[in-house]
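Here is a short report on the structure shown below.

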Amino acid sequence: MNTLTSLEQAEKILAPWTKEAARPEPNRLDIIISGDDVFACTAALKQESWGYLSAITGLDLGPDAGALEALYHFCQGAAITTLRARLPRQGGSLPTLYPLYPVSSFFERELSEMFGITVINTPDSNRLFLPDDWPVGVFPMLKEFDPKVEQPRMETSSQTFPSQDGQKFYVPIGPQHPALKEPGHFEFTVDGEVITEARMRLGYVHRGIEKAVEGQNWVQNLYLLERVCGICSHTHATAYVMGVERLAGVEAPLRAQAIREVIAGLERIHSHLLWLGVSAHEAGFDTLFMYSWRDRETVMDILEALSGNRVNYSANIIGGVKFDIYPEQAATIRTGLEYLEERIRHYLDIVTSDTLFLQRTRGVGQINREEATHLGLLGPTARASGVLRDVRVEAPYGPYTRYPVSIVTSEAGDLEARFIVRLKELFVTINAIRTILDNLPESEMSVRVPRRIPAGETISRVEAPRGEAFYFIKSNGSDKPERIKIRTPSLCNWTAVLSKAPGSQLADAPLLIAGMDPCFSCNDRMITVKRLEHS
Amino acid sequence: MFSALQPLAQILLFPAGLFLVINGIVIEWIDRKLVARLQNRIGPRWFQPLADLVKLLAKEEILPAAANPWLFIGLPMIALAGCLTAALYVPIMGLQPAYSFSGDLIVTLYLLSLLTLSKGIAGWNTTNRFSLVGATRGFTQLFAYEAPFLLALLGPAIAARSWQIDTIIQRNAGSWIILTQPIGFLVALIGLMGKLELPPFDAPEAETEIVAGAMTEYSGRGLALFNIAKSVEFVVGLTLVAALYLGGVNNPLEYLLKTLFILVILISLQTLLTRLRIDQTVGLWWRFGTILVLIQWMVLIVWKASAL
């Protein structure tokens, strides 16, 4: 189905509730509805299986306009339908979409924490991102909130989850825990070795990036957004620059686009190998961990040779890329890829044949296709359950229109399938990089982009190693963005852990968490921390 | 005068005591270094285990408020004492055991179990959540491997018609039981890994789930003593398996070669295998370990009876 017919279909489905419809971009449909109709509209879209809920953006139109807007973004292929509901700035409320899309619970909690919108009937209204001692009634994403003003601290109880009864046995994991070297907090209720309930709290590394971007100019933001994630830094920078380029009406030169895909491919290799090691370690197979991380150094060295950095490569600028790939560097990349290809083949052999390792992965955390769709999973986690979800293929952007990649899926849906999908994806990636290096187009490295970006809104979606990264960018015509909403794939994939943990063994929990390749850094972006020391 | 000092020296210097601790430290270093090399890491320098030990002994011991202080301090000592005492009945360095009596094989095996028992009670005593889960897993694992391990070590005893370690070694002198009872050897070897909670049987201290298991709340001296106890148990276990299955250990050279041989096998297995879940560990022992060893026992008993 092409984009146009998709949008027409969506328009038809939503007609009963539509107050106003618009086509801001060829692939986008904006429908203005009343806040109370959100549930009915989503149910209608889901009934017709039109796309999936990709993100919810909160938008403060400012004290002058006196209104907030909640934007529900649904994606199908390249088509994006946005339901826009207008709410009063204070005391606005929306129905929860949890029964239709469990993942919406995370989006809604973010919305209510950051904008003060009440979500009705939500299964969990505890804080997800803001700290426990954040004052009640202070909503950091409202325009009048000044990040420079220090907020008073609130009294808190020592328990993260307030409603606990003393009869159950809880095993806490994180945020400071050798089991999880990342700042998330999980609480598993166990009965013997079996988990009966799982809860989660995020936000330990919120850095207030979404708020901070509103105070910096478009160029400065590039460097800030690249630091949303330490692993897929290039993905975030690419999503941002592509959105801004679209708003500015320019297109990066062909060679720049090709180089962007080379870097994205190398980043995918390093991310997946990192994940392979971490998962092996969580399963208690440290030898695989050590070997895969040793081999990962190959791709890290390549990235360093190209950009001078191992993680924040800073390859992008608005309108192009910073550096070229010279023939000698291309040769180094090819040699490195050859070695990696051989090693990855070996690891694929291990994860599919090592009996003891398979005992820990085969049939564990199984998610079938219907469940995966319902849970709103993204990226390799979804593809391992047979859901064909890959922005590079569904909605090819930038370089992927010229150098298409194929999609790797598996039907099994268990942890083993996630290993297989991720490793097989690397072969595709390696071949794609080779193709590009063989056919690097000749062109400039960048084009000029004005300092002020014309007013407008755009949505930029990029396939990160973990799945779809979603950027909503709004410009008001000045040199600073009006609003940038970032939804990272890890946030959607948490549903896989929370739905699969109950009933599985405590020993499988670390592997379940690792299996969706969580990235805490990009989950947690959006809290404003006041610097206490004034220098 | 000398005769009064001799038992004291046996307990404090050789074969138990200082010598065993040093031996244990060396074994720990070989274990860590070889695993590291096999995993493509550099591994610790030769004095690292000793440095770790000295550091831990010098550090503050934090006593959890909820724990019984007597148990908390006493359990590591009991564990170490058990392991050191066990060493008196086995031919350390290929020399005659310091003490010997009929049935000392059983006593030695139970003394070796004191470490796991102490760890389990210690985990329960500290009331930490991870400790509790670790202690439960430790005990579960104990019930899984203990019976097959015991049965496997009794195999050579039956062949020698004695339950006295010294006698078994003398009567079996020159014959490598590993050749006639290969299953027993395998079970004993894997049982030793279970006893020492080495990978893949490290579920009781699986760091990715339950931090350090029963040891989570231990620090300073208590942790140091538990660590020494584990190293000492490693030595005693290696000696026992080498003496019973690899044709005895009659001189220091033979002792070193044979224990090192077993150590290298254990290290390779540690590197190659993924951690088992506790239910998988129990399943493995009762479904395969115990049954295999019982089959071997039947063969052994029938063969012995027909030889009479």
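## Model and confidence

What pLDDT does chain A average, and what percentage of the residues score at least 70? Chain A averages a pLDDT of 84, and 94% of the residues score at least 70. Here pLDDT is the predictor's confidence in each residue, from 0 to 100. Over residues 525-535 of chain A, pLDDT stays under 50. For that stretch the model has 28 contacts beyond four places in sequence. Two residues are in contact if their C-beta atoms, placed from the backbone, lie within 7 Å.

This is a predicted model, where local features need pLDDT of at least 70, side-chain atom pairs count only at pLDDT 80 or more, and totals for chains, interfaces and linings use all residues. Residues are numbered from 1 along each chain as its sequence is written, while chains are lettered from A and ligands numbered from 1 in the order in which they are written.

## A sheet in chain A

Helices (H or I, at least four residues) and strands (E, at least two) are DSSP runs, numbered from the N terminus. An open sheet of 3 strands in chain A has the order E8-E9-E10, with antiparallel pairing. Two strands pair if DSSP finds at least two bridges between them. Strand E8 (169-173) and strand E10 (194-201) of chain A stand at the edges, each with a single partner strand, so one side of each has no neighbour in the sheet. Neighbouring strands are turned by 25° against each other on average, direction ignored. Axes are lines fitted to C-alpha atoms, for helices over the stretch in contact, and angles run from 0 to 180 degrees between N-to-C directions.

E8(A) and strand E9 (residues 185-191) of chain A run antiparallel, joined by 5 bridges. Phe169(A) stands opposite Val190(A) in E9(A).

## Where the chains touch

The contact takes 27 residues from chain A and 25 residues from chain B. On the chain B side, helices H6 (129-160), H10 (207-210), H12 (252-272) and H13 (278-307) each give two or more residues. This side divides into 11 nonpolar, 6 polar and 8 charged residues. Ala, Val, Leu, Ile, Met, Phe, Trp, Tyr, Cys and Pro count as nonpolar, Asp, Glu, Lys and Arg as charged, and the others, Gly among them, as polar.

## Helix H8 of chain A

Helix H8 (residues 286-307) of chain A has 22 residues. From first C-alpha to last, H8(A) reaches 31 Å, close to the 32 Å expected at 1.5 Å a residue. The expected span is 1.5 Å times one less than the number of residues.

Buried residues of H8(A) include Met290(A), Asp295(A), Arg296(A) and Leu303(A). A residue is buried if 20 or more other C-beta atoms lie within 10 Å of its own, exposed if 12 or fewer, and partly exposed in between, with C-beta atoms placed from the backbone. The cover of the buried residues includes helices H7 (254-283) and H9 (327-353) of chain A, together with helix H2 (18-38) and H12 of chain B. Just after H8(A), Gly308(A) takes a positive phi of about 90°.

## Backbone details

Most residues other than glycine have a negative phi, and most peptide bonds are trans. Ser314(A) has a positive phi near 55°. Ser314(A) lies in the loop between H8 and strand E11 (316-317) of chain A. With 18 C-beta neighbours inside 10 Å, Ser314(A) is partly exposed.

Arg161(B) also has a positive phi, of about 55°. Arg161(B) counts as exposed, because there are 10 C-beta neighbours inside 10 Å. The peptide bond from Pro199(B) to Pro200(B) is cis, with omega near 5°.
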